[in-house]
Amino acid sequence: MKNNHYDAIVVGSGISGGWAAKELTEKGLKVLMLERGRNIEHVKDYTNAHKEAWDYPHRGERTQEMIENYPVLKRDYPLNEPTLGMWTNEKDSPYVEEKRFDWFRGYHMGGRSLTWGRQSYRLNKEDFQANAKEGIAVDWPIRYEDVSPWYDYVERFAGISGSKDGLDVLPDGEYQTPMPLNCVEKDVAARIQKTFKGQRHLIPGRTSNMTEPKPKEGRTNCQYRNKCWLGCPFGGYFSTQSSTLPAAVKTGNLTVRPYSIVTEILYDKDKKRAKGVAVIDAETNETYEFTSKILFVNASSFNSTWLLMNSATDIWQGGLGSSSGELGHNVMDHHFRIGAHAMVEGYEDKYHYGRRPSGFYVPRFRNWGDDKRDYVRGFGYQGSASRQGWGRDVAEMGIGADLKNAISEPGSWQIGMTAFGEMLPDHSNRIFLDKTKRDKWGLPVLAMDVEIKDNEKRMRKDMMQDAIDIFEAAGMKNVQGYDADYFPGQGIHEMGTARMGRDPKTSVLNGNNQVWDALNVFVTDGACMTSASCVNPSLTYMALTARAADFAVEELKKGNL
Amino acid sequence: MSMNRRELLKMIAAATGTAFVSANAMAYVTLPMKTVQETAFSKDDIAFFNEVGEVIIPRTDTPGAKDVNVGFMMAVIVTDCYTAPQQAAFKDGIAKIKALAKSTYGKDFLLLSNDERTSLLASLNDEADVFNTKAKLASKGVKDAEKPLPHGFTLIKQLTLFTFFTSKEGATKVLRYVAIPGRYDGELPYKKGDRAWAT
């Protein structure tokens, strides 16, 4: 390689890697972004984006062959024909389940920024203090005020739509006009407000689907097709491709290298700094080394930790950051798949137009204010109301023209919501290297040993019952609670394993996301999370990444790195 | 869009010397449409499925099952998406229709009048409802994956509805579909008779 030195290397191109690349290049650094999978180019490579159900050979359904090829992915909804190829090849990249763990990965340019849920909420003040107050795990080294201006910053650029509700539990941000609630949701919101006397709220989901265009960035507002996971040709939602990558490319400071699996952080034990990275080309198996002044590790929570575990093992057997005894520990996710659904009477003269890619949100109300439960922390609900379509159960309709006519018209309104609960950081919930098993490139794989504990199990009782109570209070009919069972990983919100903290003896990263043992290495994806909150985490990764990038460049200028 | 493709490609090429592989490898996976030969069924089978489907979703002032060739998509989905037990249940359901036509009318199903076909399938539909209700009660508390299969006719009916309403004609001529709605209205006025959205 002629030129293998850069100011900064970014490992990974997903939500946080894209932000790292954008921030560092815009601040003038020459940046190499390494992506382990193939390139996916904005618009051009969204090959299914304009397809309809009838354009797929199986109308979008999963085949037995797909089920055979994706033994993990088949366990849940992401395995389907339209998004095929957007999930990691499980045969090439296996992992070990000491306990069942559903790991849904995306090894390609943009990572899971193309297939994320897009709900974008801020952690609140309490989220950053709860560990300390309750004596759980370790204290966050930062407070809400440290992150708040960075939330402002990333929200403005990413384009988040949402309402400002003035709630301490769910701080307001810099939002575009919210996506509207429909007539049923509005009335339910009003009834909740009345019944629960302002203690519970139903608000429009805050989502990275834009309601206003961003012409400067070549992005159009959401067109309400609800095909986000196919990549949006309008740039209607935030992804690396629609948002951060073009900004980084525009600076002329970015180099992107796909098919680059980073196998190791090269560590200089005298200077106690990283020198660069070793890379294996995923296609040719050739190996390369790249060097840089600073390194941003944004490979997704578990893969970032995997990389640390594989680095500097001549000094620390457990890898870079393992001196804390916490590397790989404190795995968190959001536990969910529990809630309630109900029928709605009336509103027969109303319908909906457009396929809104978001819904409503009920912010946490448990263990908030004067409320005290037999568990700590809380949960929020995500849901929506709509009229039933042709797929409804019409057993009594039999067959023939009557059936056809009946289901060609919309059915009753129905409403449902799912709770997303906070999972506590627990040292015993961990991932580790299993060197007896290797992936396609001969690299050791991760083993998962994670389960929900008593606090989550107690919380789940409220997660179902409160949903039932809310719908009954709102006058809904035939209210049914449900628990579809939850296994760690299903939230696709894996967090922890390289937590931030105040003490190198109990945390992997400091308050600026620097690895204590290599201050020029920053980990700013979900691995850094000290606690999980109950809100969707990606917005926080964006904010922490922008904050850490700003700090890193200042430190470089001062000659500290 | 704003991303400068050429610039990006140039940078990648400069850094790596790696040429991109085929265009397909860069994109979401797109699979080819299936042919009759790739299914486990014959043209005659598919014609039969269409006739059965037409009784379930007949042509009225809008297209029916036969118009959109549900039989072909049923064959594709049973071949590729169904498990072996589901395939057996589906085939059993088809065999039952044929046998019932013989035992009730002494004729092939295809030689029955429309009224006879409707009456025959309606009786099977009733039988299926009773069967499914019993099975549901018996398997209460059993996990979804371990629940028994529904009656064979239920599979045929579900497949007919699915392949019909996900077809272009079903979605756009029987139901309503707008590819790019452009906005969301949560209080759209509705009057009885207005068609449902396809999705």
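Predicted model: local features only at pLDDT ≥ 70, side-chain atom pairs only at ≥ 80, totals over all residues.
How many residues of chain B are in contact with chain A, and how many of chain A with chain B?

**View 1. The contact of chain B with chain A.** On the chain B side 66 residues take part, and they are in contact with 64 residues of chain A. Elements of chain B that each give two or more residues to this side are the helices α1 (5-16), α2 (23-26), α3 (43-56), α4 (70-80), α6 (114-138), α7 (152-165) and α8 (168-174), together with the strand β1 (185-189). The largest share comes from α1(B), with seven residues. Sorted by class, the side of chain B that touches chain A holds 38 nonpolar, 16 polar and 12 charged residues.

**View 2. Strand pairing between the chains.** Strand β10 of chain A (residues 350-353) runs antiparallel to β1(B), and three bridges join the two. Within this pairing, B:Pro189 of β1(B) stands opposite A:Lys350.

View 3. The partner of β4(A) is strand β11 of chain A (residues 360-362), paired in the antiparallel sense over two bridges. A:Pro204 has A:Phe360 in β11(A) as its bridge partner.

**View 4. The three-stranded sheet of chain A.** A further open sheet has the order β3-β15-β14 (chain A), with mixed pairing. Its edges are β3 (96-97) and β14 (430-438) of chain A, each with a single partner strand, so one side of each is left without a neighbour in the sheet. Strand β15 of chain A (residues 444-449) runs parallel to β3(A), and two bridges join them. A:Ala447 in β15(A) is the bridge partner of A:Val96.

**View 5. The packing of α4(A) on α10(A).** Helix α4 (residues 144-158) and helix α10 (residues 538-558) of chain A pack at an angle of about 110 degrees, and their axes are 8 Å apart. That angle makes α4(A) roughly perpendicular to α10(A). From α4(A), the residues A:Val147, A:Trp150, A:Tyr151, A:Tyr153, A:Val154 and A:Ala158 meet A:Leu539, A:Met542, A:Ala543, A:Leu544, A:Ala546 and A:Arg547 of α10(A). By class, the residues of this contact are 11 nonpolar, no polar and one charged.

View 6. An unreviewed UniProt entry places the feature "domain: Glucose-methanol-choline oxidoreductase N-terminal" at residues 62-334 of chain A. Over residues 62-334 the chain is 23% helix and 14% strand, with the end C-alpha atoms 26 Å apart. The feature "domain: Glucose-methanol-choline oxidoreductase C-terminal", likewise from an unreviewed UniProt entry, is placed at residues 425-544 of chain A. Over residues 425-544 the figures are 22% helix and 25% strand, and the end C-alpha atoms are 19 Å apart.

Terms used:
Residues numbered from 1 in each chain as written. Chains lettered and ligands numbered in written order. UniProt positions renumbered as here; feature names shortened; annotations may be inferred. Helix = DSSP H or I, 4+ residues; strand = E, 2+ residues; numbered from the N terminus. Pairing = 2+ DSSP bridges. Axes fitted to C-alpha atoms, helices over the stretch in contact; angles between N-to-C directions. Parallel < 35°, antiparallel > 145°, perpendicular 65-115°, else oblique. Contact = placed C-beta atoms within 7 Å. Nonpolar A, V, L, I, M, F, W, Y, C, P; charged D, E, K, R; others polar.
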